[in-house]
Amino acid sequence: MLKVYDDAYFMRQALIQARLAATMGEIPVGAVVVASGRIIARGHNETERLNDVTAHAEIIALTAAANHLGDKYLLDCTLYVTLEPCPMCAGALHWAQTSRIVYGASDDKRGFMRFGRELLHPRTKLEFGILHDECAELMTEFFQRRR
Ligand SMILES: [Zn+2]
């Protein structure tokens, strides 16, 4: 049977990264970058391990993708992330001219959408709500366990 590599498939790969972060005591956010239907970079939140507030899943994946491509611009790339990016990551994804961003759960408090999608590059296509419940549950579980 032919495997369908759709948005849900790649979001599931981002979820695997997010769960990995949770096992390391990091906030469970995961990201993958896809080019020509292939994953070229993965990342998850590493702010605790790296002692670095900028080590968000998107930044890690963005840097890994740029290294893979040998190009700082993520043209023809889709970044999948389990949680709505924060304004810092939206800014970084803007600088990278990321072609497409897909996120799962929304983040009403810290997400960039409060400021509007103008934070993204004008050519960036945006989609959200893919596997929303799974992505949101992971966050809820994590913060319940920490309390
Ligand atoms: Zn961020």
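Why does Thr124 count as buried?

1. Thr124 counts as buried because its relative accessibility is 4%, where buried means under 20% relative accessible area, exposed over 50% and partly exposed in between, with a 1.4 Å probe and protein chains only. The model is a predicted one, in which local features need pLDDT of at least 70 and side-chain atom pairs count only at pLDDT 80 or more, while totals for chains, interfaces and linings use all residues. Residues are numbered from 1 along each chain as its sequence is written, and side-chain values use heavy atoms, with hydrogens and water left out.

2. Thr124 lies in the loop between β4 and β5, strands being DSSP runs of E of at least two residues, numbered from the N terminus. Leaving aside neighbours within four places in sequence, Thr124 is in contact (heavy atoms within 4.5 Å) with Thr98, Ser99, Arg100, Ile101 and Arg117.

3. Seven aromatic pairs are found in a search of the whole structure; rings of Phe, Tyr and Trp (its six-membered ring) pair if their centres lie within 6.5 Å, and planes under 30 degrees apart count as stacked, over 60 as edge-to-face and the rest as tilted. Tyr103 and Phe112 form an edge-to-face pair, at 6.4 Å centre to centre and with 80° between the planes, and both Tyr103 and Phe112 are buried.

4. Tyr103 and Phe128 are stacked, because their ring centres are 5.2 Å apart and their planes lie at 15°. This pair links distant parts of the chain, since Tyr103 is in strand β4 (residues 100-105) and Phe128 in strand β5 (residues 125-128), 25 residues apart. Tyr103 has 2% relative accessibility and therefore counts as buried.

5. Elsewhere, ring pairs link Tyr5, Tyr9, Phe10 and Tyr80 into a cluster.

Methods. Helix = DSSP H or I, 4+ residues; strand = E, 2+ residues; numbered from the N terminus.
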